[in-house]
Amino acid sequence: MEKDKEPILIIEDVNKSFPGVKALNHVSLEVGRGIVHGIIGENGAGKSTLMKILSGVYTKDSGTVIFDGNTIEHTTPIQSLNMGLSIIYQELNLVNSMSVGENIFLGRFKELNGMKGVHRQAKELLDSIGCKINTYTLVEKLSVSEKQMVEIAKALSFRSKLIIMDE
């Protein structure tokens, strides 16, 4: 099968338990490339647990996870991000006292040749998703929906192949 036609993510028979709770019970799912998917379910259904397994926060008890053609056994959040898998959690991960551009490229200023490069690249990312937020604006001044757009731009800045959003 051609790479662009195979699913970006395959989850087969994944299980995860915590003391006294079976959080995931034989979960299987395929996510197609370039397709928007929605997973719905009641609170406690395991949606966030599955996301945390994919991002490396939790380790699955059993089952198979294949991302972009590679079987993933154990990963960390940084490894997951470097593979091209970004998670945007419900609790946004932004620094309110820093600018939009600084938040998008936090920890990567040097590779963009300083603040001018940070803000130029941040503006390009925001423009690419139709967002007109000034990159010099402090995050604390943004609405929740604007903060979500910054999180999306941040995920794109890592050249993510798959972005998963929690609620």
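**Close-up views of the predicted model**

**View 1. Lining of the largest cavity.** Fifteen residues, written here as 15, line the largest cavity, and those nearest its centre are Ile53, Leu54, Ile72, Glu73 and Thr75. Two elements, helix H1 (47–55) and strand S3 (62–67), each give two or more residues to this lining. Sorted by class, the lining comprises nine nonpolar, four polar and two charged residues. The volume of the largest cavity is about 110 Å³. The structure has one cavity of 30 Å³ or more. The model shown in this and the other views is predicted.

**View 2. The four-stranded sheet.** An open sheet is built from four strands in the order S2-S1-S3-S4, with antiparallel pairing.

**View 3. The hairpin of S1 and S2.** Strand S1 (residues 9–18) and strand S2 (residues 21–31) run antiparallel and are joined by seven bridges. Ser17 has Lys22 in S2 as its bridge partner. Two residues lie between the strands of this hairpin. Gly20, in the turn, has a positive phi of about 80 degrees.

**View 4. Pairing of S1 with S3.** Five bridges connect S1 and S3, which pair in the antiparallel sense. Opposite Glu12 stands Thr64 in S3. In the sheet order S2-S1-S3-S4, S1 stands between S2 and S3.

**View 5. Helix H1 on the strands.** H1 lies across S1, S2 and S3. The direction of H1 is at about 110 degrees to S1. Helix H1 (47–55) also gives two or more residues to the lining of the largest cavity, as does strand S3 (62–67).

**View 6. The salt bridge between Asp61 and Lys16.** Asp61 and Lys16 form a salt bridge in which the closest N and O atoms are 3.8 Å apart. The two residues belong to distant parts of the chain, 45 residues apart: Asp61 is in the loop between H1 and S3, while Lys16 is in strand S1. The count for the structure is nine salt bridges, with a side-chain nitrogen of Lys or Arg required to be within 4 Å of a carboxyl oxygen of Asp or Glu.

Technical notes
Residues numbered from 1 in each chain as written. Predicted model: local features only at pLDDT ≥ 70, side-chain atom pairs only at ≥ 80, totals over all residues. Heavy atoms only, no water. Pairing = 2+ DSSP bridges. 1 Å grid on protein atoms, 1.4 Å probe; cavity = no way out; pocket = protein on both sides within 12 Å on 5 of 7 lines; lining within 4 Å. Points joined across faces, edges and corners; volume = space filled by probe spheres on them. Nonpolar A, V, L, I, M, F, W, Y, C, P; charged D, E, K, R; others polar. Contact = heavy atoms within 4.5 Å. Axes fitted to C-alpha atoms, helices over the stretch in contact; angles between N-to-C directions.
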